[in-house]
Amino acid sequence: MKLLRFSWCIVLALLLMAGLSAQATDSCVANPLGDRDLYLRGGFNNWQAREAYRFNWFCNRYELITELHGDQIFKLGDDAWSADADYGGTPTKLLPKGPEIKGHFTGWHRFVVAVPAQGQPMTLRINACPVAPLGDTVLYLRGSLNNWATLDKYAFKYRCDGYYLNVDLQGLHEFRLTDGGQKLALAGQGELLQAAQAQPLLRGGNGNLRFNFAGEHTIKLTFNGEQPVLSIGPKSYADAVVSAVNDPVALSVRHDSRAASDKAPFGAVKADTVVNFGLSAMAGVESATLVIEKRRLEGNQEVLDYTEVARIPLKKSAAGKQQRWQGSYRFKDVSIYGYYFELKIAGKTYAYQNNRQSVYWTREGGTNGVGLIAAMPSNRASLRRFRHTVYAADFKVPDWAADVVYYYIFPDRFRNGDTANDPKPGVNRYHDQTVEFHANWLDKPSKPGTGDGSDAVYNNDFFGGDLAGIIEKLDYIKSLGANTIYMTPIFQAASNHKYDTADYTRIDPAFGSNADFDKLVAEAAKRGMRVLPDASFNHTGRDSVYFDRFAQHPGIGAFEGGKIRSDSPYASWYRFDATQTDLDKQYQGWVGVSDLPELNKASPAYRAFAFGVPDGITQQWLDRGAAGWRMDVAPWVPDDFWREWRKAVKAKRPDAITVAETWFDSSKYFLGDMFDSTMNYVFRNTVLDYAAGGKASELYANLEYLREVYPKPALHALMNLLSSHDVPRSLHVLGYHDDGNIEKLALAKARYRLALFFQMTYPGSPAIYYGDEVGVTGGEDPFNRATYPWTDRGGKPDMAMLAEVRRLTSLRQALPILRHGELGPAMLTNDHVIVLPRALGAQRALVISNNASVEQNFTVQLPEDWVNLIFRDAEHGTVFSVQQGRLALSLQPYAGRVLIGE
């Protein structure tokens with residue numbers, strides 16, 4: 001066919017001269033194709049009728065917004081290339097069976113096919129889309145639908161007239177729109193959105209939006225001048241289609257980052273280690289290159305940037321009917337690396353990259369293991385790299401970390417041991433208002449706006465829990481098998497959660513005194529227990545000694561009484577904007593929350609106070625006996641801050657543990673220069689989803705990924721939690737919503753017992769969230785912060801569940817292989833069963849779990865060095881023998897067992 005090349009500028013001029021437009025007539029006309037669809041078909045989509053290139057019909061025209069780059073040829077046609085639906089020619093005159101059209105594209109364009117009155121030819125107009133209103137800023141949907149994480153799966157795409165996101169969701173969800181660093185936040189005031197209703201959004205708003213989803217929807221953000229407007233309706237635009245790879249040689253390429261033949265040594269390695277790489281393929285690969293990149297180590301996971309550091313041509317060798325391509329690289333520097341393979345096959349360039357699975361909470365796609373091949377993208381930033389960790393040779397965590405079982409306490413809700421320090425309404429203040437106090441220990445926590453009789457203020461209701469109550473119950477905590485108490489902040493603060501610190505040097509008066517902390521540490525030590533405090537070095541409270549928004553503290557705060565004070569000793573601790581008239585906008589609140597003024601972590605004066613002098617806050621509490629620190633919102637604090645801070649911690653107390661609050665893949669914090677451990681939310685989501693009946697083989701990929709990318713010292717020190725004060729409690733997640741439904745409760749408890757088994761038999765440090773051990777449930781904050789149901793306060797703890805927790809902690813304590821044994825790759829994962837091997841010296845063990853509602857019978861193929869073992873049930877003594885290298889087993893519903901190989 002003859003190819004016609006044109007300039008879009010000339011075409012537009014001709015259209016204007018001819019008086020033609022996208023809406024060439026003022027009245028609607030019949031769709032010339034009836035109920036058939038029209039597609040843009042060309043070399044960019046293999047001339048296929050793809051959904052992403054389908055036109056929509058509007059009264060008298062077809063419209064399509066799509067992205068194209070470079071020189072392209074195309075035509076317009078229906079799905080079958082019907083004789084009356086095969087359009088080519090020129091933009092000013094589209095003709096059936098016309099020649100192919102050729103043009104040059106540079107991004108997003110709007111294609112408009114005008115259908116005039118009968119007898120006139122159709123015309124095509126192509127407009128380049130205007131510049132995106134937010135420039136290069138990427139906008140994300142964050143909410144209950146994705147655990148409030150910033151994930152690429154929920155990134156909006158700019159499509160000429162707005163930002164679009166397709167979702168497939170069920171039920172009521174709360175959410176807001178933010179950029180990666182949450183500096184730009186578009187929210188509302190708690191509105192329940194209606195379909196097809198445009199909703200103006202607030203810049204910097206703190207209120208969540210709500211929508212009741214029922215399947216596939218398109219969320220669209222437009223701008224009316226500077227005003228952002230959100231609408232949600234049925235799915236109305238097509239996601240981009242990735243071109244399929246059809247070449248059989250390309251499809252034969254395989255690399256498995258966890259196979260010794262493809263990458264050795266396994267997993268994270270110490271600096272200056274040589275790693276061998278390989279891949280296999282059918283004959284026909286012309287060349288294969290290993291591309292290694294180093295990740296930019298800075299800030300939160302939204303800072304995602306790689307720099308190429310090496311390109312290693314791989315050498316080819318025969319391997320039966322296939323070929324092997326191999327090479328090696330010495331990783332000299334401590335860092336997080338990414339790698340992929342660039343291949344030439346039949347004259348085309350392909351990328352063999354990470355798979356499309358996702359890791360909970362983690363922005364980067366791929367779980368390592370077996371990857372996928374795709375055409376090399378024009379923008380290599382979009383590649384899914386295999387991740388590889390290189391850590392410091394001297395990285396060491398405290399020897400006691402792997403033996404820890406945490407008891408995790410929200411102090412106001414655990415136990416009231418001293419009623420004399422209870423907060424008093426009308427006397428004690430919450431900012432510029434009073435507090436609320438629950439006379440009934442078993443009340444539900446207050447939530448404004450729910451009709452529970454509370455006031456309109458959040459986080460100002462108290463129950464009276466304190467350090468005296470924790471001291472009183474130390475023997476109980478020890479009886480659980482816990483040996484380390486982790487408490488959310490206990491320093492003076494206005495709220496019940498205490499993350500709005502008012503004075504880092506002082507225990508909150510409602511919790512007791514500094515002397516009470518000393519007593520807690522001493523009494524815990526008598527019982528062989530440690531105490532781990534919590535603090536935020538990212539922000540303070542606005543009602544603090546350092547900020548003093550309400551002028552309620554002695555001295556001069558940096559924002560004393562709502563005025564910026566350059567003469568304050570804390571002036572450099574915060575950043576101010578005196579040009580703003582709104583007082584709450586004169587300073588930067590963490591993620592827009594004005595209650596939490598964000599600290600300037602670059603301030604030398606602040607760093608000195610936090611850790612930079614011998615009597616810094618970090619050192620003061622270590623001197624008082626703290627076992628280390630759990631640090632709040634670690635990703636919002638610069639990495640260089642944490643590097644200096646770690647040096648100060650280890651210089652003061654080498655055996656102190658450092659635990660970060662991170663929710664995603666935290667590899668970069670475990671390079672030996674920042675943290676020993678983190679709160680393992682990836683573990684939590686994996687285990688709870690598995691216990692709820694999720695497909696084992698898919699879910700376990702999350703934990704296999706951590707086994708690969710985390711250094712072994714960190715893997716065995718992770719705080720493996722199932723509940724926390726920031727997420728719904730486990731029983732709630734597993735189906736029990738405190739609604740009196742006995743069947744749901746029984747099922748949720750069965751599932752929770754399975755989750756407990758997994759938690760207590762997995763490497764790391766299990767964390768028991770107070771009350772979970774006796775059946776406390778509760779959804780989102782504040783209901784996940786309910787009180788412990790002490791019998792002397794009228795509570796009814798689940799004693800059977802308590803006995804189960806004690807049984808499992810005893811099992812963990814009795815078997816060192818569960819605490820210190822190396823974890824190998826899963827020997828079996830199917831829809832329901834997970835079989836994990838453990839090794840400690842010459843001892844071997846199998847940890848087996850079943851999430852099905854019925855008994856499972858299965859066979860495990862053992863490696864050669866295991867086949868001569870006899871396996872014994874660690875609790876019941878039942879003996880299992882190996883037959884021809886295979887172990888036949890059965891497991892009851894929602895159950896687990898540990899087999900010791902002898």
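## Overall form

For a chain of 902 residues, a compact globule would have a radius of gyration near 29 Å, and the chain agrees with this at 31 Å. The radius of gyration is taken over C-alpha atoms, and the globule rule is 2.2 Å times the number of residues to the power 0.38. This is a predicted model, in which local features need pLDDT of at least 70 and side-chain atom pairs count only at pLDDT 80 or more, while totals for chains, interfaces and linings use all residues. Residues are numbered from 1 along each chain as its sequence is written, and side-chain values use heavy atoms, with hydrogens and water left out.

The C-alpha trace spans about 95 × 75 × 55 Å along its principal axes. The chain holds 16 helices and 51 strands; these are DSSP runs numbered from the N terminus, with at least four residues of H or I for a helix and at least two of E for a strand. Buried residues make up 57% of the 902, where buried means under 20% relative accessible area, exposed over 50% and partly exposed in between (1.4 Å probe, protein chains only). Among contacts with a separation of 6 or more, 69% are between residues 24 or more positions apart; contact means heavy atoms within 4.5 Å.

## Nonpolar cores

A nonpolar core is a set of buried Ala, Val, Leu, Ile, Met, Phe, Trp, Tyr and Cys residues joined through side-chain atoms within 4.5 Å. The largest one has 174 residues, and F175 and Y407 touch the most other members. Helix α14 (residues 742-761) gives this core its largest share, 10 residues. Another core, of 29 residues, lies apart from it and includes V245, I312, W325 and F341.

## Strand pairing

Strands β37, β38, β39 and β40 form an open sheet in the order β37-β38-β39-β40, with parallel pairing. β37 (534-535) and β40 (677-678) stand at the edges with a single partner strand each, so one side of each has no neighbour in the sheet. Two strands pair if DSSP finds at least two bridges between them. β37 and β38 (residues 628-631) pair in the parallel sense over two bridges, and A535 stands opposite M631 in β38.

Elsewhere, β2 and β4 run antiparallel and are joined by four bridges. R41 has K75 in β4 as its bridge partner. In a regular strand the side chains alternate between the two faces of the sheet. From β2, Y39 and R41 point one way, L40 and G42 point the other way, and all are buried.

## Disulfides

A disulfide is a covalent bond between the sulfur atoms of two cysteines. Taking a disulfide as a pair of cysteine sulfur atoms within 2.5 Å, a search of the whole structure finds two. With bonded cysteines counted along the chain, their pattern is 1-2, 3-4.

C28 is joined to C59, with an S to S distance of 1.8 Å, and the link is left-handed, with -110° about the S-S bond. C28 lies in the loop between α1 (8-17) and β2 (39-42) and C59 in the loop between β3 (56-58) and β4 (61-77), so the pair ties together parts 31 residues apart in sequence. C28 is exposed at 56% relative accessibility, whereas C59 is partly exposed at 27%.

The other disulfide joins C129 to C160 (S to S 2.1 Å). Its torsion about the S-S bond is about -105°, so this disulfide is left-handed. C129 is in the loop between β8 (123-128) and β9 (139-143), and C160, 31 residues apart from it, is in the loop between β10 (157-158) and β11 (163-179). Both C129 and C160 are buried.

## Two buried residues

R415 is found in the loop between β28 (406-409) and β29 (429-430) and is buried, with a relative accessible area of 5%. Its side chain makes polar contacts with the side chains of E472 (2.7 Å) and D792 (2.8 Å). A polar contact is a pair of N or O atoms within 3.5 Å; within protein, one must be able to donate a hydrogen and the other to accept it, and residues adjacent in sequence count only if both atoms are side-chain atoms. Leaving aside neighbours within four places in sequence, R415 is in contact with residues including W441, D466, K473, W790 and R793.

A524 belongs to helix α5 (residues 514-526) and is buried, at 0% relative accessibility. Leaving aside neighbours within four places in sequence, A524 is in contact with L474, M529 and V531.
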